[in-house]
Amino acid sequence: MFRTNNSKMPLFKKSIKLLKFLVRNRSEEAVVCPEIEKLTNPVSIKSQGLKPYSDIPGPRPIPILGNTWRLLPVIGQYDISDVAKLSTLFYQEYGKIVKLSGLVGRPDLLFVYDADEIEKVYRREGPTPFRPSMPCLVKYKSEVRKDFFGREGGVVGVHGEPWKTFRTKVQKPILQLHTVRKYVEPIEAVTNDFIQRMTEMQDDNGEMPDDFDNEIHKWALECIGRVSLDVRLGCLDSNLSPDSEALKIIEAAKYALRNIAILELRFPFWRYLPTSLWTRYVKNMDYFVE
């Protein structure tokens, strides 16, 4: 006879009920773009001589679990922690436009690999683009640390009219020519340091190390610090101490970027239960705030 830990059964049953709720309300959880009607309306499609949205290639969802199962550990097909690799696989298998549909709690994801088509997408967005926000970032800003962020969702956290309002406030100062000129020399100095760092890292064949992407992160973070905080963070130092603030910032930024996809594209239990990944994500984000 199998024995179970009775103390864990309530949590287990609660998780099962939550999973059923998420699957049952998948279409309600997902944000639907108002423009999708134009893509799915048969009359509109026929009059314009277009192919229907349903014809876009991509992984085929299965009943109930959709395509979410493909992103799960062990049984899944794709490693969602590496979105760049996933995107490359989609391009190789399906071509210049790929649809990832049937995601629990998320609208469809559309991958476009043609530069001309990408330009058309951006030009047709208008002044109030519809870009579904990152739910985990929105939850963190609007609920967990509302005391710090208030009502400011930021460019990433909102879309539509709120996005336009926020963008209007920040684009005027940052897009002025004299503002750009002010940071040409500081950014050039950071970049020259990065180039020097690259020459030091080259092997005998002139190749960069396998973890060179980490160095690019350091360069980007150093540029951001120089522009937004008007300080050098020291990210490009060749011998960063594990306890240095610069390295802690780098690791925190990497953790946030690499786990957003996991939080948002797998089953979103974190919206209702404080999962271990969500708890670590919050602690990581608090590092930037505090």
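In helix H14, Glu245, Lys248, Ile249, Glu251, Ala252, Ala253, Tyr255, Ala256, Asn259, Ile260, Ile262 and Leu263 touch Leu277, Trp278, Arg280, Tyr281, Asn284, Met285, Tyr287 and Phe288 of H15 (contact means heavy atoms within 4.5 Å). Sorted by class, this contact has 14 nonpolar, two polar and four charged residues. Here Ala, Val, Leu, Ile, Met, Phe, Trp, Tyr, Cys and Pro count as nonpolar, Asp, Glu, Lys and Arg as charged, and the others, Gly among them, as polar.

This is a predicted model, where local features need pLDDT of at least 70 and side-chain atom pairs count only at pLDDT 80 or more, while totals for chains, interfaces and linings use all residues. Residues are numbered from 1 along each chain as its sequence is written, and side-chain values use heavy atoms, leaving out hydrogens and water.

How do H14 and H15 pack? H14 (residues 245–265) and H15 (residues 276–289) pack at about 140 degrees, with axes 9 Å apart. That makes H14 oblique to H15 (under 35 degrees is roughly parallel, over 145 roughly antiparallel, 65 to 115 roughly perpendicular, and the rest oblique).

Now for the rings: the whole structure has 13 aromatic pairs. Rings of Phe, Tyr and Trp (its six-membered ring) pair if their centres lie within 6.5 Å; planes under 30 degrees apart are stacked, over 60 edge-to-face, the rest tilted. Tyr140 and Phe149 have ring centres 6.2 Å apart and planes at 70 degrees, so they are edge-to-face. The table shows their accessibility (buried is under 20% relative accessible area, exposed over 50%, partly exposed in between, with a 1.4 Å probe and protein chains only).

| Residue | Relative accessible area | Class |
|---|---|---|
| Tyr140 | 0% | buried |
| Phe149 | 23% | partly exposed |

Elsewhere, ring pairs link Tyr78, Phe90, Tyr91, Tyr94, Phe111 and Tyr113 into a cluster.

Note on methods. Axes fitted to C-alpha atoms, helices over the stretch in contact; angles between N-to-C directions. Helix = DSSP H or I, 4+ residues; strand = E, 2+ residues; numbered from the N terminus.
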